Amino acid sequence: GKTYPLRNRVPPVRVPTLQALLDEFPDGRFNIEMKLDDEATVRSLAAVLMAQPRADERFVVVSRWCSAIDLFRVLTDSKIATASCEEEAVYTILTA
């Protein structure tokens, strides 16, 4: 349908896991959006990315949730680039 054009395709469209992408493209650069504001998810992502070679050069992590971005920054000692969360972006716009 118009809303989900890949639904019910034959053969089915498969979205690869993050680990599969990291394995397939060991030198790839990735912009990763955290869709959940969940501590376990943030901790897991931080651990997976920090275990990658040259993590500081290959990843940018984004989330609208400041709590997720703040925790990610702490867990990675800010070694992996992050984008502004929603509150940070609004503040920047309003104080410009």
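User: Where is P11 found, and what makes its bond to V10 stand out?

Analyst: In this predicted model, P11 is found in the segment before helix 1 (18–24). A cis peptide bond joins V10 and P11, with omega at about -5°. Most peptide bonds are trans.

User: What is noted about the phi of R54?

Analyst: R54 has a positive phi, about 55°, and is not a glycine. Most residues other than glycine have a negative phi. R54 is found in the loop between helix 2 and helix 3.

User: Why is R54 called partly exposed?

Analyst: Its relative accessibility is 37%. Buried needs a value under 20%, and exposed needs one over 50%. R54 falls in between, so it counts as partly exposed.

User: S78 also has a positive phi. Where does S78 lie, and how do you know whether it is buried or exposed?

Analyst: The phi of S78 is about 55°, and S78 is not a glycine. S78 lies in the loop between helix 4 and strand 3 (81–82). Its relative accessibility is 53%. The cut-off for exposed is over 50%, so S78 counts as exposed.

User: What makes T76 buried, and what does T76 touch?

Analyst: T76 is found in the loop between helix 4 and strand 3. Its relative accessibility is 1%. That is under the 20% limit, so T76 counts as buried. Not counting residues up to four places away in sequence, T76 touches A46 and M50.

User: How do you know that Q52 is buried, and which residues is it in contact with?

Analyst: Q52 is found in the loop between helix 2 and helix 3 (55–58). At 16% relative accessibility, Q52 is under 20% and therefore counts as buried. Leaving aside neighbours within four places in sequence, Q52 is in contact with Q19, L22, R58 and F59.

User: How many aromatic pairs does the structure hold?

Analyst: The structure holds one aromatic pair. F30 and F59 form that pair.

User: Why is the pair of F30 and F59 called stacked?

Analyst: The ring centres of F30 and F59 are 6.0 Å apart, and the planes are at 25°. Pairing needs centres within 6.5 Å, and stacking needs planes under 30 degrees apart.

User: What places R64 over the face of W65?

Analyst: R64 lies at 4.5 Å from the ring centre of W65.

User: What describes the crossing of helix 2 and helix 4?

Analyst: The axes of helix 2 (residues 39–50) and helix 4 (residues 66–75) come within 9 Å. They cross at roughly 35°. The crossing is right-handed.

User: Which residues make the contact of helix 2 with helix 4, and how do they divide?

Analyst: Helix 2 gives E39, V42, R43, L45, A46 and L49. Helix 4 gives A68, L71, F72 and L75. The residues divide into eight nonpolar, no polar and two charged. Glu and Arg count as charged, so E39 and R43 are the two charged residues.

Note on methods. Residues numbered from 1 in each chain as written. Predicted model: local features only at pLDDT ≥ 70, side-chain atom pairs only at ≥ 80, totals over all residues. Heavy atoms only, no water. Phe/Tyr/Trp six-rings, centres within 6.5 Å; stacked < 30°, edge-to-face > 60°. Lys NZ or Arg CZ within 6 Å of the ring centre and 35° of its normal. Axes fitted to C-alpha atoms, helices over the stretch in contact; angles between N-to-C directions. Helix = DSSP H or I, 4+ residues; strand = E, 2+ residues; numbered from the N terminus. Left-handed = near helix turned anticlockwise from the far one by under 90°. Contact = heavy atoms within 4.5 Å. Buried < 20%, exposed > 50% of the residue type's maximum accessible area, 1.4 Å probe, protein only.
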